[in-house]
Amino acid sequence: MMSDQEKSAWVRELAPVASPLSLMFHVTEHKKGSHGLAELIRQEAFARVVSRVQSPLFHIWQRPATVLLGGRERALPFLQKGKDHLRAVGYETVVRPFGGLAVPLDRGVLNLTYMTPRDVPIETAFRAMAELLCELLSPLSIEVGEVPQAYCPGRYDLHIGGVKVAGLAQRRLRGVVQVSAALNVTPASVSRAALIRSFYQHATTGREAWVPHVSDDAVGDLLSFGCAAASSSERLITHIKHGLARYWTLRAVIEPTHDEQEDALRRLSP
């Protein structure tokens, strides 16, 4: 367990000098019937707010039955077949602005994004976010490192005994660094690993491709590992909020202006 002094050091690595102890905190409520881009567009607009007011933001949102595709997957030989398969089983597809590969979202997944106007190195941003989440989710024995047979594998996967429970992605826009995590809180009605594996099977249809070989055993969720705070997404959001309040003074988000919303819409609309 890190000392309070060590915690302060890595927590503040992402904090701007002007307001190191103040953090905007916001949970976006999903609107029934909204398009899959809606939450991403709102997050895009928040990045402009962070740039304008020079204050960091922690943003949480959820999305039912959606697969976020990475840019590389647009080049799959039978991408439309893969998307048609996902639609047939009730999943929408959206291309995300962050890096990485396909990630499934449902009401048991929390999307967490820390945004800061501070220009920090890529490795620093990833490491600080990973350590922050490990601390917020203690006493679970979460480790950081790639889980090769999970979907969207990366060096900053969060795993418990080799079973991935979250993955991190990063983006830089207009002087704002955004580090995001897709955190599996509760089990899904459809196996997340099996869903992504079937997508790749349809999108490649026997052709050689670079897609990961996804194993059911490589992906899990917090509740299955006995995390009491993960009995529901709502309870875990409260737990995370209380954890963040140990390091920052939380305040309400400053809403994007009309121009910031329009700019975000133009950037992300197909």
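These legends go with close-up views of a predicted model.

**View 1. Helices α2 and α7 pack against each other.** Let's start with the pair of helices. Helix α2 covers residues 37–53 and helix α7 covers residues 258–268. Their axes lie 8 Å apart and meet at an angle of about 130 degrees.

**View 2. Side by side, residues of α2 and α7 make the contact.** On the α2 side, look for Leu37, Leu40, Ile41, Glu44, Ala45, Arg48, Val49 and Arg52. Their partners on α7 are Glu260, Gln261, Asp263, Ala264, Leu265, Arg267 and Leu268. What classes of residue does the contact of α2 with α7 have? It has 8 nonpolar residues, 6 charged ones and 1 polar one.

**View 3. Cysteine 152 is in no disulfide.** For cysteine 152, the nearest cysteine sulfur belongs to cysteine 134 and is 17 Å away, whereas a disulfide needs the two sulfur atoms within 2.5 Å. Is cysteine 152 buried or exposed? Its relative accessibility is 13%, so cysteine 152 counts as buried.

**View 4. Cysteine 227 is buried.** The relative accessible area of cysteine 227 is 10%. Which cysteine sulfur is closest to that of cysteine 227? The closest one is in cysteine 134, and because the two sulfurs are 12 Å apart, they are too far from each other for a bond.

Notes: Residues numbered from 1 in each chain as written. Predicted model: local features only at pLDDT ≥ 70, side-chain atom pairs only at ≥ 80, totals over all residues. Heavy atoms only, no water. Axes fitted to C-alpha atoms, helices over the stretch in contact; angles between N-to-C directions. Helix = DSSP H or I, 4+ residues; strand = E, 2+ residues; numbered from the N terminus. Contact = heavy atoms within 4.5 Å. Nonpolar A, V, L, I, M, F, W, Y, C, P; charged D, E, K, R; others polar. Buried < 20%, exposed > 50% of the residue type's maximum accessible area, 1.4 Å probe, protein only.
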